[in-house]
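Me: Hi! Could you walk me through this protein? I'm new to reading structures.

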Amino acid sequence: MKIKVGIVAGEASGDLLGSQLVDSLKRKHPQIEFIGIAGPKMMSLGVKSLYPMERLSIRGYIEVIKHLRGLMKLRKQLFKTLLKEKIDIFVGVDAPDFNFWLERKLKAKGIKTVHYVSPSIWAWRQDRIHKIKKCVDHMLALFPFEPRYYEEVGVPVTFVGHPLAEMIPLAPNTLAARKTLKIEGNPLVIAMLPGSRQSEVEQHAELFIETAKKIHADHPNSLFLVPLITRKTREIFEKSVQAVNETLKHESLPIQLLFGHSHDAMEAADVVVVASGTATLEAALLKKPMVITYRMPWLSWEILKRKRLQPYVGLPNILAERFVVPELLQTDATPEKISAAVLKMSHDDAYANSIKQEFLTMHHSLKNNSAAKAADVILRLVSKT
């Protein structure tokens, strides 16, 4: 029996989740095809991508408004194509604002719909759950506290765990990662992840570099690793590095820019400075003390903060339901505050070890053979059609 799956991922994290799901589905059912919007990892497994995934990688209310007309046109075209292709089931991988519309329209046409990654209804816009009920036949939840929200309103849901918890060993190998990155001696290694989108790097580049400058002044034997996933984001960050280096009278800042290698950079690090997002969870699973920070355009922030239901934005703190690690956001995101938090973690062993222990407990709770469980749900739904 051949199965055709429509699938859409909207950014790098979705591409990773989607690729693991595609791989698991292909192992369980070799006669399966995929079509939709995919990133490089999913495409390498044979997913036919009709549009570049980057078209969907937009964050912030104002930024989305600028691209809204193009996104709406793309979405309508994609909907028509998926109907023409006669897909058996549709899987939206994250990207809720884009995928829920597609799922609602496809569900109305009698096509089963699955959404992989619950949106943060527990953090903001909780009223969305009633709209979600009209869009999805099944929700796949990554975190153990999420199913109850859906069960309360009658949305079928399965906790599958987080794929990163399967991929990342319980004990990180910092020495091996440093060897991979050719780090010699015993420097204080700080991984700095400013985000995957151009807009994020533009917001954070100068902030992160000025933070590095302050840390290096206090701890001269420090090294800063900055993984960037595209040529454009590297150019943006590199330009800011050059501007800061020109102001220094003596040596340049020891900043090592990397193409990709975000996992290696975090595993090699003593402390991580990270823009809020999926990377915060990866850092936690790698048992790394971290400082979570984020800046966005003022109006986007003012809109967003009014919709927040929790005091936390970082996934490690949300999962722990307390501030395990500091969050320095918007006006609190200053080089002075971030550098002070990093130095405290690097100097206070008891504090750092308590964070690592919390993250180990978290890792066990998320390790659940997730991709295989998600694949089983999808194949079960297809068999009922």
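**Aromatic pairs and a charged patch**

Reply: Happy to! This is a predicted model, and the structure holds 3 aromatic pairs.

Me: How are the rings of Phe-79 and Trp-101 arranged?

Reply: They are edge-to-face, because their planes stand at 80 degrees and the cut-off for that label is over 60. Their ring centres are 6.0 Å apart.

Me: Which helices do Phe-79 and Trp-101 lie in?

Reply: Phe-79 lies in helix H3 and Trp-101 in helix H4, so this pair ties together parts that are 22 residues apart in sequence.

Me: And are Phe-79 and Trp-101 buried or exposed?

Reply: Both Phe-79 and Trp-101 are buried.

Me: OK, what about Tyr-312 and Phe-323?

Reply: Tyr-312 and Phe-323 also form an edge-to-face aromatic pair, with 4.9 Å from centre to centre and 65 degrees between the planes. Tyr-312 lies in the loop between helix H13 and helix H14, and Phe-323 in the loop between H14 and strand S13, so the pair ties together parts 11 residues apart in sequence.

Me: New topic: which residues form the positive surface patch?

Reply: The patch is formed by Lys-76, Lys-80, Arg-104, Lys-105, Lys-109, Lys-131 and Lys-134. Helices H3, H4 and H5 each supply at least two of its residues.

Me: Where does Lys-80 lie?

Reply: Lys-80 lies in helix H3.

Me: And why does Lys-80 count as exposed?

Reply: Because its relative accessibility is 61%, and exposed means over 50%.

Methods. Residues numbered from 1 in each chain as written. Predicted model: local features only at pLDDT ≥ 70, side-chain atom pairs only at ≥ 80, totals over all residues. Heavy atoms only, no water. Patch = residues over 30% accessible without salt bridge, like charges linked within 9 Å, V, L, I, M, F, W, Y side chains within 5 Å. Areas by Shrake-Rupley, 256 points an atom, 1.4 Å probe, with all protein chains shown as cover. Salt bridge = Lys/Arg side-chain N within 4 Å of Asp/Glu carboxyl O. Lys, Arg positive; Asp, Glu negative; His and termini not counted. Charge placed at Lys NZ, Arg CZ, Asp CG, Glu CD. Helix = DSSP H or I, 4+ residues; strand = E, 2+ residues; numbered from the N terminus. Buried < 20%, exposed > 50% of the residue type's maximum accessible area, 1.4 Å probe, protein only. Phe/Tyr/Trp six-rings, centres within 6.5 Å; stacked < 30°, edge-to-face > 60°.
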